[in-house]
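I wanted to go through this one piece by piece and jot down what I looked up. Here is the model I had open.

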Amino acid sequence: MQVDFLIVGQGLAGTLLARALRQQGQQVLVVDNGRKSAASRVAAGLMTPLTGQRFTLTPEYPELFRFAQKDLGELKVFSPIKVYRMFVDAEQRARGLKRAECVSCAPFIEKITEDVGQISAEWSDVHGGALMHGAWVDLPKLMDDGAEQLTAAQSLRLAEFNYTDLQVKADGVSWHDVTARGIIFCDGYRSAASGPFSYLPWQPVKGEAISFNSNAPDASVVLNRQGWALPMGQGRWRAGTNWEWTGLDEIPTQVQSEKFQKRFKDYFKSEVSVEVTDHVAGVRPCTSDNHPFIGTHPEHAVLHLFNGMGPRGTIWAPTLAQEMADYLVDGKPLRSTCDLRRFPVAG
Ligand SMILES: Cc1cc2nc3c(=O)[nH]c(=O)nc-3n(C[C@H](O)[C@H](O)[C@H](O)COP(=O)(O)OP(=O)(O)OC[C@H]3O[C@@H](n4cnc5c(N)ncnc54)[C@H](O)[C@@H]3O)c2cc1C
């Protein structure tokens with residue numbers, strides 16, 4: 001079988017890149033091992049504009065959001081949703097009030113509250129909060145629809161990819177019966193552990209999430225305070241998450257489930273029930289400078305990487321898939337902040 005590009009992994013990154021390349025007339029074969037604990041299967045799929053302890057908007061966010069809204073909207077997996085970030089203390093509230101004045105933040109902030117109960121009498125927002133314009137991406141649908149289209153085009157293979165089975169030549173690669181002019185690794189945090197791009201400064205981080213039923217008042221808003229709770233309708237919710245830099249397995253832990261349940265209950269003034277129906281764990285492909293790793297191996301022109309989407313893959317992946325396809329097909333330059341060549345090969 002002869003294709004233009006062999007792609008390893010059909011998570012968020014592999015799905016969008018395969019689509020962008022096919023739109024440019026390229027033949028691809030995507031190999032995926034179907035792991036249920038892939039980061040894209042575990043993720044909430046949220047786009048939250050202002051994040052972190054410092055409650056900041058990253059400079060790229062507005063541009064990336066606009067593209068994602070259009071691109072993922074076409075795929076019918078993008079839904080605008082409000083996110084209510086409850087401030088943890090007066091200091092965070094002061095920062096929130098300041099952000100409302102910043103020109104680039106303003107379009108993403110609907111309202112800053114300074115006291116409890118200004119949006120809902122049900123929530124325990126003692127220090128007020130920021131009601132933001134975010135979005136939710138239906139990642140399972142994105143990947144399932146992508147798999148269906150790739151299968152129909154005979155461009156998806158359910159298999160484990162082993163780097164030792166790959167033959168790398170100057171003008172292309174071969175893997176079992178497949179030959180291609182290049183291979184693109186979209187295998188998430190697996191690229192950090194082994195393979196030609198493991199030399200990059202990865203910082204993979206484990207995270208968990210629970211799904212549950214609750215009698216909490218149904219909200220149409222994501223509740224956020226040191227974590228998030230996403231209303232799924234009809235009393236169903238998802239909540240997470242945590243950040244673990246060591247012990248990078250994909251195994252959910254009871255201790256985190258209990259933390260998420262308590263955090264959720266604390267969002268409300270009155271007592272609410274939680275009945276856990278599912279609990280998952282995955283590893284985010286994070287990087288040392290919080291920017292993705294995309295581009296070509298400095299020593300092998302046929303080995304490419306489209307990875308390192310970190311904790312905010314939904315924001316980065318749509319724009320970068322387009323830019324990576326333009327780079328691979330037309331030789332257009334990559335944005336320098338994401339081009340993996342910003343880091344030298346180790347050794
Ligand atoms: C708990 C949690 C919550 C998150 N919440 C959000 C959120 O709200 N918003 C957001 O934007 N991001 C979130 N993220 C981050 C997001 O999940 C990632 O940015 C994104 O999913 C990365 O996608 P990916 O395709 O690069 O990697 P992955 O989703 O890991 O996909 C890699 C694919 O490659 C396959 N694969 C790997 N190795 C092989 C192999 N050897 N052979 C064959 N197949 C292979 C895997 O099975 C998988 O299908 C969250 C992550 C976690 C863990």
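My entries follow, going from domains to ligand, strands and helices.

**Ground rules.** This is a predicted model, so I kept local features to pLDDT of at least 70 and side-chain atom pairs to pLDDT 80 or more, while totals for chains, interfaces and linings use all residues. Residues are numbered from 1 along each chain as its sequence is written.

**Domains.** I looked up the domain assignment, whose bounds come from an automatic or database source. It gives domain 1 (2–42 + 140–202 + 289–342), domain 2 (46–136) and domain 3 (205–284). The centres of domain 1 and domain 3, taken over C-alpha atoms, are 30 Å apart. Their contact takes eight residues from domain 1 and seven residues from domain 3; I count two residues as in contact if their C-beta atoms, placed from the backbone, lie within 7 Å. On the domain 1 side I get five nonpolar, two polar and one charged. For the classes, Ala, Val, Leu, Ile, Met, Phe, Trp, Tyr, Cys and Pro are nonpolar, Asp, Glu, Lys and Arg are charged, and the others, Gly among them, are polar.

**Ligand.** Which residues come nearest to the ligand? I found G9, G11, G188, G207 and G313, out of 41 residues around the ligand. A residue is near if its C-beta atom, placed from the backbone, lies within 6 Å. Elements giving two or more residues to this shell include α1 (12–23), β11 (205–213), β15 (275–284) and α8. Helices here are DSSP runs of H or I with at least four residues, strands are E runs with at least two, and both are numbered from the N terminus. By class I get 17 nonpolar, 16 polar and eight charged residues. Domain 1 and domain 3 each supply at least three residues of the shell.

**Strands.** I checked β17 (residues 300–307) next: β10 (residues 178–185) runs parallel to β17, with three bridges. Strand β16 (residues 293–297) runs antiparallel to β17, with five bridges. Pairing needs at least two DSSP bridges. β16 and β17 make a hairpin with two residues between them. H304 sits opposite I184 and is also the bridge partner of T296.

**Helices.** How do α3 (residues 61–74) and α8 (residues 313–330) pack? I get an angle of about 75°, with the axes 8 Å apart. So α3 is roughly perpendicular to α8, a label that covers 65 to 115 degrees. Axes are fitted to C-alpha atoms over the stretch in contact, and angles run from 0 to 180 degrees between N-to-C directions. Among the α3 residues, Y61, F65 and L72 are in the contact, with I315 and W316 among those in α8. I sorted the contact residues into nine nonpolar, two polar and one charged.

Note on methods: Angles under 35 degrees count as roughly parallel, over 145 as roughly antiparallel, 65 to 115 as roughly perpendicular and the rest as oblique.
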